[in-house]
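The following exercises are to be worked through with the sequence and the structure at hand.

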Amino acid sequence: EKGTQTTTSSSAGSFLRAFLFAIILASFAQQVVFVIFQRRESSSTTRPRLKTKQSRRDIKMQILQPRTSKVTQNEVIVGLSSLAGLYAKMEEKHAIDVVHCALDLGFRNFDTAPHYGLGLSEERFGKALKSYPKMTEDLREEIKIWTKVGRVIKDKNDVLKTDRVEEGNVLGHPDCVFPENNPESRPTLNYTGDGVAQSLTDSLERIGVKHIFGIRVHDCEDEMRFEEAANKDTGAFVRIKRMRDEEKVVEDVSLGGNDPMYSLRAIRESAENTFDGVMAAGSWNLIDQDGCELYKECEKRGMYIHNAGIYASGLLVGGSTYKYGPANENVIAKKKAWEQLCEEFGNVSLPAVAMAFSAAPNVVKKFAVGVKSRFEVEKTLEWLNEIDNIDPKIWEEAKLRGLLSSDCTVPNVF
């Protein structure tokens, strides 16, 4: 009986040891297979799995073609919202001097809008052109002017009950950012074809010219505005295409706004070749590149991007706001990190780096720079000339520090 118990215990022990060994062996084999799989995954050239919103953004950036030529003065559009006293009043003679300085230094592209001061920007720009002492017929031909449509400026006594007044841009409203707005004027929202035609007629009169190069459908970024503009019979989109192709009153038609998704929707839902391009504000700069999908769509269709807001609402040139509000801690920290990086690369100026980055995708044919003084016009040219001196290694270092995504399109022409 005792021998039987010993034999039984020995058999049970052998079985237990074999069982444990089998478990260990299986676990080891599982780990080996996992490691092999991981190595195959890491060396694979197939598309990575989408785990986060950021990784999706990286993939979209990866297919944006980089710029193939150097950035020149012809790529700069002088933004004229400041002529209407954006946030602070500006004397008319000072506004005229800004335009004269830009012309003196060789800038030839200008962008304005009825929205800016309820026509005041256009009026002052027109006075500057008329009073420029070096104006010639050849120079006048070189100048390209874009204005915008979607708002018709009316005297308050002419406003109809059916008009939609944009109260936020009326003088005295807390949201109004143009303190020199005429208190007798009212901006009415009108994204119909007739409204577009009237807006252009009024703009030509304010600027004092018979013809301008292009118009942009402006701020078509809520459902009511969009539906009115997109109407296949009476909307702004079909009318601007006709104004370019049949009426020949402009050479270039585009969209202009802050929300890339509405621009994408307009492009995809409109007839082919309705728009030549998009002026996209605040969607591709050193702080944020959330317009990448729009950029990709324009690239695919052979449309252009005019990049506005390249200094991230002025944050990258000493401002404290970002996207129409106070910059948060994360945004400020990112700005400081860029400043530190610029110092490490030989004290290259942050505005020059921002300017270079703004034109990195080949789809960006021009970028807009807002100026409010002779000094700022001169600095714009200085930063433009500084681009060629930027060390190209700065872009890879920015990616290593997480300031740009790993596949972000960066300048590669030096």
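**Exercise 1.** Does Tyr87 count as buried or exposed, and at what relative accessibility?

*Solution.* The model is a predicted one.
Step 1. The relative accessibility of Tyr87 is 59%.
Step 2. The cut-off for exposed is over 50%, so Tyr87, at 59%, counts as exposed.
Step 3. The backbone deserves a remark as well: Tyr87 is not a glycine, yet its phi is positive, at about 70 degrees.

**Exercise 2.** Determine where Asn273 lies, and describe its backbone and its accessibility.

*Solution.* 
Step 1. The loop between helix 9 (260-269) and strand 9 (277-281) contains Asn273.
Step 2. Asn273 has a positive phi of about 65 degrees, although it is not a glycine.
Step 3. Its relative accessible area is 54%, and Asn273 is therefore exposed.

**Exercise 3.** Locate His115, classify its accessibility and list its contacts.

*Solution.* 
Step 1. His115 belongs to the loop between strand 2 (109-111) and helix 4 (120-131).
Step 2. Buried means under 20% relative accessible area. With a value of 16%, His115 is therefore buried.
Step 3. Residues up to four places away in sequence are not counted; His115 then touches Arg151, Glu166, Asn169, Phe178 and His218.

**Exercise 4.** Carry out the corresponding analysis for Ser358.

*Solution.* 
Step 1. Ser358 is placed in helix 12 (residues 350-358).
Step 2. The relative accessible area of Ser358 is 1%, so this residue is buried.
Step 3. When neighbours within four places in sequence are left aside, the contacts of Ser358 are Trp284, Asn307, Ile310, Val364 and Phe367.

**Exercise 5.** How many strands form the closed barrel, in which order do they run, and what is the average twist?

*Solution.* 
Step 1. The closed barrel has 8 strands, and their order is 1-2-3-7-8-9-10-11. The pairing is parallel.
Step 2. From one strand to the next, the twist averages 25 degrees.
Step 3. Strand 1 (residues 76-79) pairs with strand 11 (residues 364-370) in the parallel sense, over 4 bridges.
Step 4. A pair of residues may be located here: Gly79 stands opposite Gly370 in strand 11.

**Exercise 6.** Describe the open sheet, and state which strands are its edges.

*Solution.* 
Step 1. The open sheet is formed by 3 strands in the order 4-6-5, and their pairing is antiparallel.
Step 2. Strand 4 (151-155) and strand 5 (164-165) are the edge strands, since each pairs on one side only.
Step 3. Strand 5 and strand 6 (residues 185-189) run antiparallel and are joined by 2 bridges.
Step 4. Between these strands, Arg164 stands opposite Leu189 in strand 6.

**Exercise 7.** At what angle do helix 7 and helix 9 pack, and which residues meet?

*Solution.* 
Step 1. Helix 7 (residues 223-230) packs with helix 9 at an angle of about 25 degrees, and their axes are 11 Å apart.
Step 2. Angles under 35 degrees count as roughly parallel. Helix 7 and helix 9 are therefore roughly parallel to each other.
Step 3. The crossing in which helix 7 passes helix 9 is right-handed.
Step 4. Helix 7 contributes Glu223, Phe226 and Glu227, which meet Tyr262, Arg265, Ala266 and Glu269 of helix 9.
Step 5. By class, this contact of helix 7 with helix 9 has 3 nonpolar, no polar and 4 charged residues.

**Exercise 8.** Examine Arg265 individually: where does it lie, and which residues does it touch?

*Solution.* 
Step 1. Arg265 lies in helix 9.
Step 2. Its relative accessible area is 23%, so Arg265 is partly exposed.
Step 3. Apart from residues up to four places away in sequence, Arg265 touches Glu223, Phe226 and Glu227.
Step 4. Arg265 and Ala230 are 35 residues apart along the chain, and their C-alpha atoms are separated by 9.9 Å.

**Exercise 9.** How far apart are Cys292 and Ile63 in sequence and in space?

*Solution.* 
Step 1. Cys292 is found in helix 10 (residues 292-301).
Step 2. Cys292 has a relative accessible area of 2% and is therefore buried.
Step 3. In sequence, Cys292 and Ile63 are 229 residues apart. In space, the C-alpha to C-alpha distance between Cys292 and Ile63 is 9.9 Å.

Definitions and conventions:
Residues numbered from 1 in each chain as written. Predicted model: local features only at pLDDT ≥ 70, side-chain atom pairs only at ≥ 80, totals over all residues. Heavy atoms only, no water. Buried < 20%, exposed > 50% of the residue type's maximum accessible area, 1.4 Å probe, protein only. Contact = heavy atoms within 4.5 Å. Pairing = 2+ DSSP bridges. Axes fitted to C-alpha atoms, helices over the stretch in contact; angles between N-to-C directions. Parallel < 35°, antiparallel > 145°, perpendicular 65-115°, else oblique. Left-handed = near helix turned anticlockwise from the far one by under 90°. Nonpolar A, V, L, I, M, F, W, Y, C, P; charged D, E, K, R; others polar.
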